[in-house]
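User: I'd like to learn how to read a protein model feature by feature. Could you take me through this one?

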Amino acid sequence: QVQLVESGGGLVQPGGSLKLSCAASRSTLDNYAIAWYRQAPGKDREGVSCISGSDGNTYYSDSVKGRFTISRDSAKNTVYLQMNSLKPEDTAVYYCAADQLDIYCSGYAGPYEYDYWGQGTQVTVSS
């Protein structure tokens with residue numbers, strides 16, 4: 001069983017930055033794809049980014065490409081999402097998720113469901 005805990009959310013002004021963390025309880029997530037999702041009120045859940053558990057390749061949705069960066073620290077068993085140039089439309093609850101079968105991130109954008117999920121962290125972008 002994999003337990004994931006997100007942190008780092010908060011209130012930030014437009015144009016600001018936040019760094020989200022996804023910490024895992026297992027000894028290693030190196031063989032898992034780790035994805036970040038977000039869901040705003042009244043909207044469908046969106047796959048934002050993913051880092052492969054095999055080759056370390058990273059993937060981003062068009063809405064965040066060039067502004068967000070996903071990375072993995074294997075020593076800390078943690079995956080990060082650095083979010084820059086934040087916009088009001090980035091406001092949402094952000095979740096991290098892990099999956100061993102979808103190791104190349106081919107399914108993170110949907111409709112494939114990842115196996116393990118965190119509880120979410122709120123990100124609010126507002127002046």
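This is a predicted model: local features need pLDDT of at least 70, side-chain atom pairs count only at pLDDT 80 or more; totals for chains, interfaces and linings use all residues.

User: What counts as a strand, and what does it take for two strands to pair?

Analyst: Helices (H or I, at least four residues) and strands (E, at least two) are DSSP runs, numbered from the N terminus. Two strands pair if DSSP finds at least two bridges between them. Strands of a sheet pair through backbone hydrogen bonds, in either a parallel or an antiparallel way.

User: In what order do the strands of the open sheet lie?

Analyst: The order is β1-β3-β8-β7, 4 strands with antiparallel pairing. At the edges are β1 (4-7) and β7 (68-73), each pairing on one side only. On average, neighbouring strands of this sheet are turned by 15 degrees against each other, direction ignored; axes here are lines fitted to C-alpha atoms, for helices over the stretch in contact, and angles run from 0 to 180 degrees between N-to-C directions.

User: How many helices and strands does the protein have?

Analyst: It has 0 helices and 11 strands. The radius of gyration is 13 Å, close to the 14 Å that the globule rule gives for 127 residues, so the protein is as compact as a globular protein of that length. That radius is taken over C-alpha atoms, and the globule rule is 2.2 Å times the number of residues to the power 0.38. Along its principal axes, the C-alpha trace spans about 40 × 30 × 25 Å.

User: Which strands does β9 pair with?

Analyst: β4 and β9 run antiparallel, joined by 7 bridges, and Ala33 stands opposite Asp99 in β9. β9 also runs antiparallel to β11, with 3 bridges; there the bridge partner of Ala92 is Val123. Finally, β9 pairs with β10 in the antiparallel sense over 2 bridges, where Ala98 has Tyr116 as its bridge partner.

User: Is β9 mostly covered or mostly open?

Analyst: Mostly covered: 6 of the 8 residues in β9 are buried. Buried means under 20% relative accessible area, exposed over 50%, and partly exposed in between (1.4 Å probe, protein chains only). Across the protein, 45% of the 127 residues count as buried.

User: How should I read a nonpolar core?

Analyst: In soluble globular proteins, nonpolar side chains tend to be buried together. A nonpolar core is a set of buried Ala, Val, Leu, Ile, Met, Phe, Trp, Tyr and Cys residues joined through side-chain atoms within 4.5 Å. The largest one here has 28 residues, of which Leu4, Trp36, Phe68, Leu81, Met83 and Tyr94 touch the most other members. Elements giving two or more residues to this core include β3, β4 (33-39), β8 (78-83) and β9 (92-99). Apart from it lies another core, of 8 residues, among them Tyr37, Cys50, Tyr108 and Tyr114.

User: What does Tyr94 touch?

Analyst: Not counting residues up to four places away in sequence, its contacts (heavy atoms within 4.5 Å) include Leu20, Trp36, Phe68, Leu81, Met83 and Val123.

User: How many disulfides are there?

Analyst: A disulfide is a pair of cysteine sulfur atoms within 2.5 Å, and a search of the whole structure finds 2. One joins Cys22 to Cys96, with S to S 2.1 Å. Cys22 lies in strand β3 and Cys96 in strand β9, so this pair ties together parts 74 residues apart in sequence. The link of Cys22 and Cys96 is right-handed, with 70 degrees about the S-S bond.

User: And the other one?

Analyst: Cys50 is joined to Cys105, S to S 2.1 Å. Cys50 lies in strand β5 and Cys105 in the loop between β9 and β10 (116-117), so the pair ties together parts 55 residues apart in sequence. The torsion about the S-S bond of Cys50 and Cys105 is about -75 degrees, so this disulfide is left-handed. Both Cys50 and Cys105 are buried.

Definitions and conventions
Residues are numbered from 1 along each chain as its sequence is written. Side-chain values use heavy atoms; hydrogens and water are left out.
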